Each structure stands twice: as structure tokens, then as C-alpha cells.
Amino acid sequence: MLKNYLTTRFFLTVLLFLSLIYASFSAYYKIRYWGFNFAPNQNSDIWTIEASINFDPTGEPIKILLTTPKTSEQFKVLEENVTAEGYKSKKIVKDTERMQITSPAKEGPQTVYYRVMLFDNVDAKGKTYAKQPQAPEKPVLEEQTEALVKQISDLAKKQEGNKVVQIIKELNQVPGSPAVKALMPVKKTQKELMENLRLILSYNGIPNRVVRGFKLEEDRRSFNPDLMLEAYLNNKWMIYNIVTAEKGLPDNFILFQRGGESLLDIEGGENSSVKFTVLKSITSSLSLAEKRAKLTGHKSWFDYSIYSLPLAEQSTLKWLTIFPLAILVIVLIRNIVGLNTMGTFTPMLISLALVKTGFWPGLICFTLIVAVGLTIRFILSKLNLLLVPRISAVVIFVILIMQFLTVAGYQFDFTIAQSAVFFPIIIMAWIIERASITWEEDGAANAGREIFYSLIAAIVTYFIINDEYIRHIMFAFNEFNLVILCVVMLLGTYTGYRLTELKRFAPLVKEK
């Protein structure tokens, strides 16, 4: 007998250990690939970027090529589309991603809208490791321009930082050196600054390219993309601000163009311009789980999870996933603490009803229904009815009580009475019937004790399952229910004293 007991305990302990490993791995998987989080109500920012392309047709077929952002370490593309009557679009993916928009010849000013939705910003600090590119061809310059470039390169060595930072600081120094003033106008544009910066870098053999993008800021409208420089130095590409020489991408900065291709090319149109608008919205992280799973190549696992179900089914299962934890609490209260409740599931269902009704309204309503129901049950017992008709009559009376409390609550705006409809009718009838039988067989004290202990167990369970963090964790990481199952089975092997029995057997210990 002892051997069988020890074997069972060992088997269940191993099973519990394996379930903990599985649950931990599964939780890590969901966090890593699906974007789940242990904290509830975690939201993700969704950035909607709209490009408004305006141009005048020349009477020829129209072909628009717009450089677009692509999924990267910084952002993931959730959705993108083109809105323009009579235009067709398709994505061209090469070194850069471009949206090709075509149409037969048009008349009158044209406006084409491109919209992309992005999410999940991760600051990559603007670093892109790559093989060393070929050194740029040394530009052929006029003698005077070459002399200025050499002079600026020599002056830049006095600045702090690497070669790229030194040159950027020298070009933006106030007041500027005579060489800089001779090379560029005092009131220089971003485009002029970029052209001269790249000229000097190429002359010094430093690979470089243009980067266009903009900082994502809420409700930012009608603006042009910012110019940034990307240069290859110390075996990596690094992005620089061409005015401040700061390294890396700013927070929430999205790249639209990287390299030599222009941001916008139009055939069959002239006087073109593109303006951008940025809007921010917020959505639940759980609602983006499917998209994240697809982007990381783990969608097949997601398709067979409860999170792929419609929201109505998910809402139902969300309450089912909290049931095992409520059952564990009741098992602990009965088998370890030793409180004698009315069954295992009655306190659990009462606690779930309290979650729906609110603690105090539900508690008062439960007390009223049980008190009135017990009174009616004793009246019925005087009629000497059979068991099934008697219980059926109690159920009908419970329904009538709930109807009365609900109507009274509505008329007097009394929310406590309106909570009555959330209590399971059959459970209430069974509580009343069982309490009355216990009263008849074991006395009023035992019946009252059972009701009291059941209510205590329900209240303890209520405060656990009503916690928003716990409800979220049990739904998002429902594999923990497997751990709870193993714990419940292990508790089934416990044959020691209950806590309530310690007082009962205390005199024996004192005598010994």
C-alpha cells in the first residue's frame, strides 16, 4: 500500500515538473513570437502614414513609382493600399520596395493616396551590419572646388568624433569657415547640405547613401520627409543627422527610402509633389497576435489556438480558462484548510456570480434569496411533498424571487436587486434544498455552518479570480491550467491533518 502511494506521488511529481517546463516554454513562445504580455490591457501603437501624390498629367499613360517602407527591425507593415479612381497598383520588391501605380492617360490635376499602417517599434540605433561596399568613385572636380574640399577635410580633423561626424560638424559650424562659405550658400537647404556632404565623403573614399524618412508624431500633417545620411565606417552602416551629426535613428523614425533611388518617380506627369500625414491609433496587443505570428513564420501554431476563434467564442472561453484556478482554490479550502462547504462547485459558481454582480450587491442579493428560499422550503416541508416535486417547487419559487427583486430594483433604481438575475437558478435552489435537509437531519447549526463556509470559500475565490491580472494570465497563457491539473491531482494524495483539525487534536498533543 505504501509502495503504491509513493509510486503515485513520484509519478504525479514528475508530471507536475514536466507540465511546468511545457507551460514555461509555451509562455515564452507566446511572448517571443506572438507579442503576448503578462500585464493586461497592453496596447500597441498603430501608425497610419498617408502619402498624397499630386501632379499634372501630360496626356500620356501614367506610371508612378513610390518608395515605401518595408518590414524591418524597427517596424512591421500591418496593411498598405492605394486609393485613386481608375488606377491599378502592385508592389515591386528589389533592393528597395516600391509601389507601382499605373493608369491610362488622364486629364486635369491628379491626386493619388498611398496608405500604410505600421506597428511594433524597436529601436535599432540605426546600425546595419553588412559586407564592406566598394569605395565610391572619386568625383572629378574643378580645381577650385577640389581645393575647397581638401581644405574642409583638413579643417574637419580638428572636430571631435569619427571622420563622418567631423565633416558634418565642420559643414554646420557657426560661424562657418571661409572654405565652407565658398562651397555652400550661408542659407543652405537640406538638399544642398546633403549634396556637398556626400561630395566630401566620396572624395575621402567613404561609402555613403541618402536616407529619407520622418519621425512618427501624432497628428502630423502635410510635411516633407527628412533627409539623413548613411555612411559605411568601421565595418558597419551608420545613420547620421546631417545637421547635428547625431548617430542612429531617432525614436519612432520610419525610413521610406534608403539608397540612390528617388522617393517618387512619375512618367506621364509633371509638377509632382508628395506630402505625408501621420495618425496614431491604439489597439490591443492580443489583436495583433495573428499578424505577428504570420510575420515570424509561426502562423500554423496560432491557427490551432483559441485566439484564432471569433471574439464571441473567445469571450466564452475566457471564463472557462479561469475555472481550473477557482477549482484549485476550493480544493485547497476543503482538503488543506478543512472547511466543509456545499460541494466543490457551489462556492465556485457563487464566486463567478459575485464577479458579474459586484461584491456587495451580489452578497446582499445571495443572502436575501437564501433566507427567503429557506423560509419557503420549511413551509413546503409541512405539505409532505415528494423529493423531485419539492425541489421543482423550490426552483419555481427561486425564479419568482429573482423576478420580484429584478423588477423592484428596476423601479427603485436599486442595483442590488438587479443583481439577482446573475445567480444560477438551479444552484440557488439546490443550496436551499440541501441546507434545509441538513437542518432537518443535523440541526440548524450545521446547516448554517455549511452555508457560511461555502460563502467564505466563494469570497476567497472571488478576490482571486476577480483580479484583472490573474484573469488575463489564465486566458493568454492557458497552458498553466495543465500545471493546476497536476497540482490538484497531487493534493488528491494528501492524507495529513487539515488546518481546522489542529485545534481538535491539540489536547492529545498537550497530554503527550
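A residue is called buried here when its relative accessible area is under 20%. By that criterion, helix α17 has the buried residues Asn-481, Val-483, Ile-484, Cys-486, Leu-490 and Leu-491. The structure is a predicted model, and its chain of 512 residues is 42% buried. The secondary structure of the chain consists of 19 helices and 14 strands. Of the contacts between residues at least 6 apart in sequence, 76% link residues at least 24 apart.

**Helices α12 and α17**

- Helix α17 covers residues 480–491, twelve residues in total, and its first and last C-alpha atoms are 17 Å apart, close to the expected 16 Å.
- Helix α12 runs through residues 387–411 and contains 25 residues. The span of α12 from first to last C-alpha is 36 Å, close to the 36 Å expected at 1.5 Å a residue.
- The buried residues of α12 include Arg-390, Val-394, Val-398, Ile-401 and Leu-405. Ala-393, Val-395, Met-402 and Gly-409 of α12 are buried as well.
- Just after α12, Asp-413 adopts a positive phi of about 55 degrees.

**The crossing of α9 and α10**

- Helix α9 (residues 323–337) and helix α10 (residues 345–357) have axes that come within 9 Å of each other and cross at roughly 130 degrees. This angle makes α9 oblique to α10.
- The crossing of α9 past α10 is right-handed.
- On the α9 side, the residues that meet α10 are Phe-323, Ala-326, Ile-327 and Ile-330. Their counterparts in α10 are Phe-345, Pro-347, Met-348 and Leu-352.

**The four-stranded open sheet**

- An open sheet is formed by four strands in the order β4-β5-β2-β13, with antiparallel pairing.
- Ile-64 has Ile-101 of β5 as its bridge partner.

**The β10–β11 hairpin**

- Strand β10 (residues 226–233) pairs with β11 in the antiparallel sense over five bridges. Tyr-232 has Trp-237 of β11 as its bridge partner.
- The two strands form a hairpin with two residues between them, and Asn-234 in the turn has a positive phi of about 55 degrees.
- Strand β11 (residues 236–240) is largely enclosed by the rest of the structure, because five of its five residues are buried.
- In a regular strand, side chains alternate between the two faces of the sheet.
- In β11, Lys-236, Met-238 and Tyr-240 point one way, whereas Trp-237 and Ile-239 point the other way, and all are buried.

- Met-184 is located in the loop between α4 (178–183) and α5 (190–203).
- Met-184 counts as buried because its relative accessibility is 3%, which falls under the 20% cut-off.
- Apart from neighbours within four places in sequence, Met-184 is in contact with Leu-171, Glu-192, Leu-193 and Asn-196.
- Met-184 and Asn-196 are twelve residues apart along the chain, and their C-alpha atoms are separated by 7.8 Å.

Note on methods:
Residues numbered from 1 in each chain as written. Predicted model: local features only at pLDDT ≥ 70, side-chain atom pairs only at ≥ 80, totals over all residues. Heavy atoms only, no water. Expected span 1.5 Å × (residues − 1). Buried < 20%, exposed > 50% of the residue type's maximum accessible area, 1.4 Å probe, protein only. Pairing = 2+ DSSP bridges. Contact = heavy atoms within 4.5 Å. Axes fitted to C-alpha atoms, helices over the stretch in contact; angles between N-to-C directions. Parallel < 35°, antiparallel > 145°, perpendicular 65-115°, else oblique. Left-handed = near helix turned anticlockwise from the far one by under 90°.
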